[in-house]
Amino acid sequence: MNFGIEGKVAMVTGAGGGLGGAIARSLAKEGARVVVADVHQPSAMRTAQTIQEDGGQATPLDLDLANLDDMSERIDTIRSQLGPVDILVNNSGGPPPSLATGISAQTWEKHFRAMVLSLMHLTDLVLPDMRKKGWGRIITSTSSGVVTPIANLGVSNTLRLALVGWSKTLAREVAPDGITANVVLPGRIATSRIQQLDEARAEREKKPIDQVIKESTDTIPIGRYGRVQEYGDVVAFLASTQASYLTGSVIRIDGGLIPSI
(Lines give C-alpha, C1' and ligand atoms only; values in the text may rest on other atoms or scores of the structure.)
Protein backbone atom coordinates (compact mmCIF):
# COMPACT_ATOMS: atom_id res chain seq x y z
CA MET A 1 0.00 0.00 0.00
CA ASN A 2 1.30 3.45 -0.94
CA PHE A 3 0.72 5.79 2.00
CA GLY A 4 0.99 8.88 -0.20
CA ILE A 5 3.55 10.69 1.93
CA GLU A 6 6.58 10.44 -0.33
CA GLY A 7 8.53 13.69 -0.25
CA LYS A 8 6.62 15.08 2.72
CA VAL A 9 8.63 16.49 5.64
CA ALA A 10 8.11 14.51 8.83
CA MET A 11 9.54 15.65 12.14
CA VAL A 12 9.84 13.08 14.92
CA THR A 13 10.89 14.19 18.39
CA GLY A 14 12.71 11.79 20.66
CA ALA A 15 13.76 9.99 17.48
CA GLY A 16 17.03 8.80 18.95
CA GLY A 17 15.15 6.41 21.24
CA GLY A 18 13.41 3.10 20.68
CA LEU A 19 9.88 4.20 19.83
CA GLY A 20 10.87 7.48 18.19
CA GLY A 21 13.54 5.78 16.12
CA ALA A 22 11.12 3.13 14.93
CA ILE A 23 8.58 5.80 13.95
CA ALA A 24 11.26 7.69 12.02
CA ARG A 25 12.28 4.53 10.16
CA SER A 26 8.69 3.64 9.27
CA LEU A 27 8.01 7.11 7.88
CA ALA A 28 11.27 7.06 5.92
CA LYS A 29 10.34 3.72 4.34
CA GLU A 30 7.22 5.42 2.99
CA GLY A 31 9.38 8.08 1.33
CA ALA A 32 9.02 10.88 3.87
CA ARG A 33 11.99 13.16 4.45
CA VAL A 34 12.46 12.67 8.16
CA VAL A 35 13.83 15.17 10.66
CA VAL A 36 15.32 13.03 13.42
CA ALA A 37 15.06 15.32 16.44
CA ASP A 38 16.59 14.44 19.79
CA VAL A 39 18.44 16.09 22.65
CA HIS A 40 21.10 13.37 22.46
CA GLN A 41 22.83 14.00 19.15
CA PRO A 42 24.77 10.72 18.89
CA SER A 43 21.46 8.84 19.15
CA ALA A 44 19.81 11.09 16.56
CA MET A 45 22.73 10.59 14.22
CA ARG A 46 22.57 6.81 14.62
CA THR A 47 18.88 6.78 13.71
CA ALA A 48 19.50 9.06 10.73
CA GLN A 49 22.40 6.92 9.56
CA THR A 50 20.31 3.75 9.75
CA ILE A 51 17.62 5.40 7.62
CA GLN A 52 20.16 6.63 5.09
CA GLU A 53 21.79 3.20 4.84
CA ASP A 54 18.36 1.77 4.03
CA GLY A 55 17.97 4.29 1.21
CA GLY A 56 15.80 6.79 3.06
CA GLN A 57 16.18 10.51 3.68
CA ALA A 58 16.92 11.70 7.21
CA THR A 59 18.34 14.82 8.82
CA PRO A 60 19.46 14.79 12.48
CA LEU A 61 18.41 17.79 14.57
CA ASP A 62 19.55 18.84 18.03
CA LEU A 63 16.33 19.54 19.93
CA ASP A 64 15.93 19.89 23.69
CA LEU A 65 12.22 19.73 24.48
CA ALA A 66 12.88 21.42 27.81
CA ASN A 67 14.20 24.51 25.98
CA LEU A 68 11.15 26.23 24.49
CA ASP A 69 13.11 29.35 23.58
CA ASP A 70 15.08 27.58 20.82
CA MET A 71 12.17 25.82 19.14
CA SER A 72 11.17 28.59 16.76
CA GLU A 73 14.74 28.77 15.46
CA ARG A 74 14.80 25.00 14.96
CA ILE A 75 11.58 25.08 12.93
CA ASP A 76 12.97 27.93 10.83
CA THR A 77 16.05 25.79 10.15
CA ILE A 78 13.91 22.87 8.98
CA ARG A 79 11.81 25.16 6.81
CA SER A 80 14.86 26.66 5.11
CA GLN A 81 16.61 23.32 4.54
CA LEU A 82 13.72 20.96 3.75
CA GLY A 83 10.51 22.96 3.64
CA PRO A 84 7.56 23.24 6.04
CA VAL A 85 6.78 20.34 8.36
CA ASP A 86 3.88 18.25 7.02
CA ILE A 87 3.88 15.53 9.66
CA LEU A 88 4.72 16.13 13.32
CA VAL A 89 5.17 13.21 15.68
CA ASN A 90 5.25 14.40 19.28
CA ASN A 91 7.23 11.91 21.32
CA SER A 92 8.93 12.65 24.62
CA GLY A 93 10.81 10.62 27.17
CA GLY A 94 9.18 9.64 30.41
CA PRO A 95 9.98 10.80 33.95
CA PRO A 96 11.52 8.49 36.56
CA PRO A 97 9.15 6.16 38.45
CA SER A 98 7.28 7.98 41.21
CA LEU A 99 4.22 8.03 43.38
CA ALA A 100 1.52 10.63 42.79
CA THR A 101 2.14 12.11 46.24
CA GLY A 102 5.14 13.77 47.81
CA ILE A 103 6.36 15.27 44.52
CA SER A 104 7.73 18.80 44.75
CA ALA A 105 6.13 21.60 42.78
CA GLN A 106 9.45 22.15 41.03
CA THR A 107 9.48 18.54 39.81
CA TRP A 108 5.93 18.80 38.49
CA GLU A 109 6.84 22.03 36.68
CA LYS A 110 10.03 20.57 35.22
CA HIS A 111 8.34 17.53 33.71
CA PHE A 112 5.25 19.45 32.59
CA ARG A 113 7.50 21.78 30.63
CA ALA A 114 9.46 18.95 29.00
CA MET A 115 6.62 16.48 28.41
CA VAL A 116 3.54 18.61 27.79
CA LEU A 117 4.13 22.32 27.26
CA SER A 118 7.00 21.67 24.84
CA LEU A 119 4.87 19.51 22.56
CA MET A 120 1.98 21.96 22.54
CA HIS A 121 4.36 24.81 21.71
CA LEU A 122 6.08 22.83 18.97
CA THR A 123 2.72 22.01 17.42
CA ASP A 124 1.72 25.67 17.42
CA LEU A 125 4.92 26.47 15.52
CA VAL A 126 4.22 24.05 12.65
CA LEU A 127 0.45 24.52 12.36
CA PRO A 128 0.50 27.78 10.32
CA ASP A 129 2.35 26.05 7.45
CA MET A 130 0.02 23.07 7.59
CA ARG A 131 -2.99 25.36 7.43
CA LYS A 132 -1.57 27.15 4.39
CA LYS A 133 -1.16 23.81 2.61
CA GLY A 134 -4.52 22.48 3.74
CA TRP A 135 -2.89 19.25 4.88
CA GLY A 136 -1.10 18.03 7.98
CA ARG A 137 -0.73 15.28 10.54
CA ILE A 138 -0.18 15.73 14.29
CA ILE A 139 0.47 12.43 16.07
CA THR A 140 1.24 12.37 19.78
CA SER A 141 2.71 9.36 21.54
CA THR A 142 1.75 8.96 25.19
CA SER A 143 1.40 5.86 27.39
CA SER A 144 -1.11 3.16 28.29
CA GLY A 145 -1.13 4.85 31.70
CA VAL A 146 -3.53 7.48 30.33
CA VAL A 147 -6.20 4.76 30.11
CA THR A 148 -5.18 2.50 32.98
CA PRO A 149 -2.83 4.30 35.39
CA ILE A 150 0.36 2.34 35.97
CA ALA A 151 1.53 1.79 39.54
CA ASN A 152 4.59 3.83 40.54
CA LEU A 153 4.33 6.09 37.47
CA GLY A 154 2.38 8.88 39.12
CA VAL A 155 4.00 11.79 37.30
CA SER A 156 3.81 10.07 33.91
CA ASN A 157 0.17 9.02 34.32
CA THR A 158 -0.84 12.54 35.27
CA LEU A 159 1.04 14.61 32.72
CA ARG A 160 0.54 12.37 29.69
CA LEU A 161 -3.21 12.44 30.26
CA ALA A 162 -3.12 16.21 29.70
CA LEU A 163 -1.88 15.54 26.15
CA VAL A 164 -4.91 13.38 25.40
CA GLY A 165 -7.34 16.17 26.32
CA TRP A 166 -5.28 18.68 24.36
CA SER A 167 -5.08 16.49 21.24
CA LYS A 168 -8.82 15.79 21.24
CA THR A 169 -9.55 19.50 21.48
CA LEU A 170 -6.97 20.28 18.81
CA ALA A 171 -8.43 17.72 16.40
CA ARG A 172 -11.75 19.54 16.28
CA GLU A 173 -10.10 22.93 15.79
CA VAL A 174 -7.85 21.93 12.88
CA ALA A 175 -10.11 19.46 11.05
CA PRO A 176 -11.53 22.16 8.70
CA ASP A 177 -7.95 22.85 7.59
CA GLY A 178 -7.33 19.28 6.40
CA ILE A 179 -5.22 18.44 9.46
CA THR A 180 -5.71 15.40 11.66
CA ALA A 181 -4.63 14.98 15.28
CA ASN A 182 -4.42 11.59 16.94
CA VAL A 183 -2.85 9.95 19.98
CA VAL A 184 -1.04 6.64 19.99
CA LEU A 185 -0.26 4.84 23.17
CA PRO A 186 2.05 1.88 23.59
CA GLY A 187 1.48 -1.07 25.81
CA ARG A 188 4.65 -2.88 26.77
CA ILE A 189 6.93 -2.40 23.78
CA ALA A 190 10.46 -3.82 24.01
CA THR A 191 12.48 -0.63 24.54
CA SER A 192 15.18 0.44 26.97
CA ARG A 193 12.48 2.30 28.91
CA ILE A 194 10.55 -0.94 29.51
CA GLN A 195 13.79 -2.66 30.48
CA GLN A 196 14.49 0.06 33.04
CA LEU A 197 10.97 -0.22 34.49
CA ASP A 198 11.25 -4.01 34.72
CA GLU A 199 14.62 -3.73 36.44
CA ALA A 200 13.24 -1.14 38.88
CA ARG A 201 10.31 -3.43 39.70
CA ALA A 202 12.63 -6.42 40.16
CA GLU A 203 14.71 -4.43 42.63
CA ARG A 204 11.67 -3.01 44.40
CA GLU A 205 9.94 -6.39 44.78
CA LYS A 206 13.17 -8.39 45.30
CA LYS A 207 12.42 -10.69 42.37
CA PRO A 208 14.60 -12.10 39.58
CA ILE A 209 14.29 -10.04 36.39
CA ASP A 210 13.18 -13.12 34.41
CA GLN A 211 10.28 -13.60 36.79
CA VAL A 212 9.25 -9.97 36.46
CA ILE A 213 9.28 -10.21 32.65
CA LYS A 214 7.26 -13.45 32.69
CA GLU A 215 4.68 -11.95 35.04
CA SER A 216 4.45 -8.95 32.74
CA THR A 217 4.05 -10.88 29.48
CA ASP A 218 1.50 -13.17 31.14
CA THR A 219 -0.83 -10.16 31.35
CA ILE A 220 -0.60 -9.51 27.59
CA PRO A 221 -3.10 -11.56 25.53
CA ILE A 222 -0.65 -11.83 22.62
CA GLY A 223 1.87 -13.19 25.12
CA ARG A 224 4.92 -11.05 24.37
CA TYR A 225 6.24 -7.52 24.39
CA GLY A 226 5.61 -5.55 21.22
CA ARG A 227 8.32 -4.88 18.66
CA VAL A 228 9.22 -1.24 18.12
CA GLN A 229 8.61 -1.50 14.39
CA GLU A 230 5.04 -2.64 15.02
CA TYR A 231 4.53 0.64 16.82
CA GLY A 232 6.25 2.71 14.15
CA ASP A 233 4.20 1.18 11.34
CA VAL A 234 0.90 2.15 12.98
CA VAL A 235 2.12 5.74 13.31
CA ALA A 236 3.14 5.74 9.64
CA PHE A 237 -0.40 4.68 8.70
CA LEU A 238 -1.89 7.52 10.76
CA ALA A 239 0.32 9.89 8.76
CA SER A 240 -0.94 8.49 5.46
CA THR A 241 -3.43 9.91 3.01
CA GLN A 242 -5.59 6.83 3.64
CA ALA A 243 -6.04 7.95 7.27
CA SER A 244 -7.56 11.30 6.29
CA TYR A 245 -10.90 10.52 8.01
CA LEU A 246 -9.26 9.35 11.24
CA THR A 247 -8.88 12.15 13.77
CA GLY A 248 -9.45 12.83 17.45
CA SER A 249 -8.75 9.19 18.22
CA VAL A 250 -6.63 7.31 20.73
CA ILE A 251 -5.04 4.24 19.16
CA ARG A 252 -3.83 1.49 21.48
CA ILE A 253 -0.85 -0.52 20.29
CA ASP A 254 -0.72 -2.90 23.21
CA GLY A 255 -1.24 -6.53 22.21
CA GLY A 256 -4.59 -6.43 24.03
CA LEU A 257 -2.99 -5.45 27.35
CA ILE A 258 -5.32 -2.62 28.38
CA PRO A 259 -8.34 -4.31 29.96
CA SER A 260 -10.92 -1.55 29.55
CA ILE A 261 -13.12 -0.92 26.50
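Strand E1, residues 9-13, is mostly covered in this predicted model, with 5 of its 5 residues buried. The burial extends to both faces of the strand: Val9, Met11 and Thr13 are buried on one side, and Ala10 and Val12 are buried on the other. In a regular strand the side chains alternate between the two faces of the sheet. E1 pairs with strand E2, residues 33-38, in the parallel sense over 5 bridges. Within that pairing, Val12 has Val36 of E2 as its bridge partner.

**The sheet and the helices packed on it**

E1 belongs to an open sheet of 7 strands, ordered E3-E2-E1-E4-E5-E6-E7, with parallel pairing. Its edge strands are E3 (57-62) and E7 (250-253), each of which pairs on one side only. On average, neighbouring strands of this sheet are turned by 20° against each other, direction ignored. Strands of a sheet pair through backbone hydrogen bonds, either parallel or antiparallel.

Helix H1, residues 18-29, lies across E1, E2, E4 (87-90) and E6, and runs at about 170° to E1. Helix H2, residues 41-53, packs on the sheet and touches E2 and E3. The direction of H2 makes about 175° with that of E3.

Thr142 is located in the loop between strand E5 (136-141) and helix H5 (154-174). What is the relative accessible area of Thr142? The value is 5%, so Thr142 is buried, the cut-off being under 20%. Leaving aside neighbours within four places in sequence, the contacts of Thr142 are Arg160, Leu163, Val183, Val184, Leu185 and Pro186.

Ser167 is a residue of helix H5. Its relative accessibility is 2%, and Ser167 therefore counts as buried. Not counting residues up to four places away in sequence, Ser167 touches Ala181, Asn182 and Val183. Ser167 and Leu27 are 140 residues apart in sequence, and the C-alpha to C-alpha distance between them is 21 Å.

Most residues other than glycine have a negative phi, and most peptide bonds are trans. Asn152 has a phi near 70°, a positive value in a residue other than glycine. Lys206 likewise has a positive phi, near 55°, and is a residue other than glycine. Asn152 lies in the loop between E5 and H5, while Lys206 lies in the loop between H6 and H7.

| Residue | Relative accessible area | Class |
|---|---|---|
| Thr142 | 5% | buried |
| Asn152 | 23% | partly exposed |
| Lys206 | 72% | exposed |

**The H6-H7 helix pair**

Two packed helices are described by the angle between their axes and the distance between the axes. The axes of helix H6 (residues 192-205) and helix H7 (residues 209-217) come within 9 Å and cross at roughly 115°. The crossing of H6 and H7 is right-handed. H6 contributes Asp198, Glu199, Arg201 and Ala202 to the contact, and H7 contributes Ile209, Val212, Ile213, Glu215 and Ser216. Classified by residue type, the contact of H6 with H7 has 4 nonpolar, 1 polar and 4 charged residues.

Which residues of H7 are buried? They are Val212, Ser216 and Thr217. Seen down the axis of H7, these buried residues fall within an arc of 125°, so they line one face of the helix. An α-helix has 3.6 residues a turn, so residues three or four places apart point the same way. The buried residues of H7 pack against H6. On the other side of H7, Asp210 and Lys214 are exposed.

Technical notes. Residues numbered from 1 in each chain as written. Predicted model: local features only at pLDDT ≥ 70, side-chain atom pairs only at ≥ 80, totals over all residues. Heavy atoms only, no water. Axes fitted to C-alpha atoms, helices over the stretch in contact; angles between N-to-C directions. Helix = DSSP H or I, 4+ residues; strand = E, 2+ residues; numbered from the N terminus. Left-handed = near helix turned anticlockwise from the far one by under 90°. Contact = heavy atoms within 4.5 Å. Nonpolar A, V, L, I, M, F, W, Y, C, P; charged D, E, K, R; others polar. Buried < 20%, exposed > 50% of the residue type's maximum accessible area, 1.4 Å probe, protein only. Arc of directions from axis to C-beta. Pairing = 2+ DSSP bridges.
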